[in-house]
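Trainee: I'd like to learn how to read a model like this one. Could you walk me through it?

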Amino acid sequence: MPDDEILDTASDSADSAAGTAGPAQAPVRKRPRPGERRVQILQALAAMLEQPGTERVTTAALAARLEVSEAALYRHFASKAQMFEGLIDFIEQSVFTLVNQITERDAPAREQAAQIVGVLLQFAEKNPGMTRVMAGDALVFENERLQQRMNQFFDKIEAQLRQVLRSLPGDTEPSDTPTVDAQMRAAVLTAFAMGRMQRYARSGFRHLPSEHLEALLALLLR
């Protein structure tokens with residue numbers, strides 16, 4: 001089952017598992033379809049990361065939330081690091097699908113760059129648990145390769161912005177150093193997006209990444 005079905009599939013299974021048992025009959029737990037338990041595990045992990053103040057999600061706590069044994073978790077994932085990799089896969093697929101759609105349009109460079117930052121921050125705002133993964137807070141005590149993967153994710157975002165911004169003209173005349181200008185603008189925009197996500201995660205999700213976003217991007221892309 002593709003990772004991009006994490007949210008929808010898990011919610012559907014929760015509804016079906018509720019059932020309509022009579023008052024004297026105990027609810028019957030429905031056995032998950034092949035692959036469905038893996039989806040439920042990833043959704044539960046993301047949901048637990050949404051709780052403000054959560055420092056580290058343990059497999060024991062995750063198993064308790066799902067009402068299964070820890071051994072049951074390891075039948076679907078070899079390690080907790082692999083569970084986090086499942087979330088990162090979902091983040092990458094979701095964000096870069098939208099980014100690719102933006103770059104395929106024939107729009108001005110400033111508009112494309114603003115839209116790329118916008119979809120990144122909108123995704124973060126709608127998925128606070130995954131924002132903690134993107135910001136690195138949830139990965140502090142986890143396998144180092146997970147943080148490396150998130151670093152690579154932002155490197156790709158910056159590279160995409162740099163590519164878009166190469167065609168951006170100067171304010172009054174064409175720049176003599178378009179590549180250098182694009183590199184600097186892309187680095188600033190990427191750092192801005194990362195900072196907004198960190199602020200969102202570390203404020204207990206009170207400070208939204210989209211707050212004053214249009215005005216701030218207009219300043220950064222002048």
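Mentor: We'll go from confidence to fold, then the core, then the charged residues. Keep in mind throughout that this is a predicted model.

Trainee: Let's start with confidence, then. What is the mean pLDDT of the protein chain, and over which residues does pLDDT stay under 50?

Mentor: pLDDT is the predictor's confidence in each residue, from 0 to 100. Here the chain averages 86, and 81% of its residues reach 70 or more. The stretch to watch is residues 1-23, where pLDDT stays under 50. The model has 27 contacts beyond four places in sequence for that stretch.

Trainee: Okay, on to the fold. How many helices and strands does the protein chain have?

Mentor: It has 10 helices and 0 strands. Going along the sequence, the pattern reads α-α-α-α-α-α-α-α-α-α.

Trainee: And what do the contacts and the surface say about the chain as a whole?

Mentor: Take the contacts with a separation of 6 or more: residues 24 or more positions apart account for 68% of them. Of the 222 residues, 42% are buried. The accessible surface comes to about 12100 Å², and carbon and sulfur atoms hold 50% of that.

Trainee: Which residues have the most contacts inside the largest nonpolar core?

Mentor: Leu62, Val133 and Phe153, in a core of 56 residues. H5 gives the most, with 11 residues.

Trainee: Now the charged residues. What's the general idea?

Mentor: Side chains of opposite charge can pair when their charged atoms come close. In this structure, a search of the whole model finds 7 salt bridges.

Trainee: Where do Arg56 and Glu142 sit?

Mentor: Arg56 and Glu142 form a salt bridge, with their closest N and O atoms 3.4 Å apart. This pair links distant parts of the chain: Arg56 is in the loop between H2 and H3, while Glu142 is in the loop between H7 and H8, 86 residues apart. Arg56 counts as partly exposed because its relative accessibility is 46%. Glu142 is at 14%, so it is buried. Both residues also belong to a network of salt bridges with Lys80.

Trainee: Is Asp137 buried or exposed?

Mentor: Asp137 has a relative accessible area of 17%, so it is buried. Its side chain meets that of Arg202 in a salt bridge at 3.0 Å, N to O. Here too the pair joins distant parts of the chain, with Asp137 in the loop between H7 and H8 and Arg202 in helix H9, 65 residues apart. Arg202 counts as exposed because it reaches 55% relative accessibility.

Trainee: What about Glu211 and Arg199: how far apart are their closest N and O atoms?

Mentor: They are 3.8 Å apart, and the two residues form a salt bridge. Glu211 is in the loop between H9 and H10, and Arg199 is in helix H9, 12 residues apart. Glu211 is partly exposed at 32% relative accessibility, and Arg199 is partly exposed at 38%.

Trainee: One last case. Why does Glu92 count as buried?

Mentor: Because its relative accessibility is 18%, and the cut-off for buried is under 20%. Glu92 lies in helix H5. Leaving out neighbours within four places in sequence, Glu92 is in contact with Thr97, Arg149 and Phe153.

Terms used:
Residues numbered from 1 in each chain as written. Predicted model: local features only at pLDDT ≥ 70, side-chain atom pairs only at ≥ 80, totals over all residues. Heavy atoms only, no water. Helix = DSSP H or I, 4+ residues; strand = E, 2+ residues; numbered from the N terminus. Buried < 20%, exposed > 50% of the residue type's maximum accessible area, 1.4 Å probe, protein only. Contact = heavy atoms within 4.5 Å. Areas by Shrake-Rupley, 256 points an atom, 1.4 Å probe, with all protein chains shown as cover. Core = buried A, V, L, I, M, F, W, Y, C linked by side-chain atoms within 4.5 Å. Salt bridge = Lys/Arg side-chain N within 4 Å of Asp/Glu carboxyl O.
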